[in-house]
Amino acid sequence: MHRTIKSYILRAGRISNRQQQGLDLWLKHYELALTNTPWSLSTEFNRTADTVVEIGFGMGASLLIMAQNNPHINYIGIEVHKAGLGSLAADLQDHQVSNVRLIGEDAVPIFKTQIEDNSLAGVQIFFPDPWHKKRHHKRRLIQQEFIQLVVQKLKPGGFIHCATDWQEYADHMLEVLTQNPELQNSQESGGFCLKPTSRPDTKFERRGRRLGHGIWDLIFTRQLETF
């Protein structure tokens, strides 16, 4: 899988003292190192448990809550922005949360080289950049090729949970996920689902509501059998 167009742009931004402390002092305790072979999740977490990956966790507040509420689940957070990595690393240290690992890299090569096939219980993609201008749609993360890569990494029965506050992107997500023959919509009638209580509000979700946007959730699962 060739990756030439990224779904994000790294911009220089201010990093607070606390975020810098998280980067300098605490990230090393939670960070996953790049290796020549896929990670052994049981080794990285020192236990065997279901593992869920969140792509683009922002400042990590909602991922922290999910990890605290589900100590029996392992979480891997992928985020390219330093401020978010530092913020979540500091929060994990402050709250002594041990079931989260972090990686500051592009999600596409991470899924391609670092995650074993049939190994994940779920993948979460909450409020990715909608790239709302038509000429930028090619930058959107949710594309057929990437979703097929994600499906390879899911265990049968594993889920993909996406959420957005841009209706046009929501419709695009629904189309992409529906077209994958290995995925089944959790809504028997098709379409979007109600926001599950297990997903905490995110900063981008709250901003979207303030702007009058709707919120759309999609949960698809990898079928146990394909025909």
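Predicted model: local features only at pLDDT ≥ 70, side-chain atom pairs only at ≥ 80, totals over all residues.
Q: How many salt bridges does the structure hold?
A: A salt bridge requires a Lys or Arg side-chain nitrogen within 4 Å of a carboxyl oxygen of Asp or Glu. By this criterion, the number of salt bridges in the structure is 12.

Q: How far apart in sequence are the parts that the pair D91 and R18 ties together?
A: The side chains of D91 and R18 form a salt bridge with an N to O distance of 2.7 Å. D91 belongs to helix α4 (residues 82-95) and R18 to helix α1 (residues 17-30), so the parts tied together are separated in sequence by 73 residues.

Q: Is D91 buried or exposed?
A: The cut-off for a buried residue is under 20% relative accessible area. The value for R18 is 34%, which makes R18 partly exposed. D91 has a relative accessibility of 15%, so D91 counts as buried.

Q: Which strand contains R222, the salt-bridge partner of E182?
A: The side chains of E182 and R222 meet at 3.5 Å, N to O. E182 lies in the loop between α7 (167-179) and β6 (183-185), whereas R222 is in strand β7 (residues 216-222). R222 is buried at 15% relative accessible area, and its strand is β7.

Q: What is the relative accessible area of E205, which meets R209 in a salt bridge?
A: R209 and E205 meet at 2.9 Å, N to O, and both lie in helix α8 (residues 203-210), four residues apart. R209 is partly exposed at 40%. E205 is buried, and its relative accessible area is 0%.

Terms used:
Residues numbered from 1 in each chain as written. Heavy atoms only, no water. Helix = DSSP H or I, 4+ residues; strand = E, 2+ residues; numbered from the N terminus. Buried < 20%, exposed > 50% of the residue type's maximum accessible area, 1.4 Å probe, protein only.
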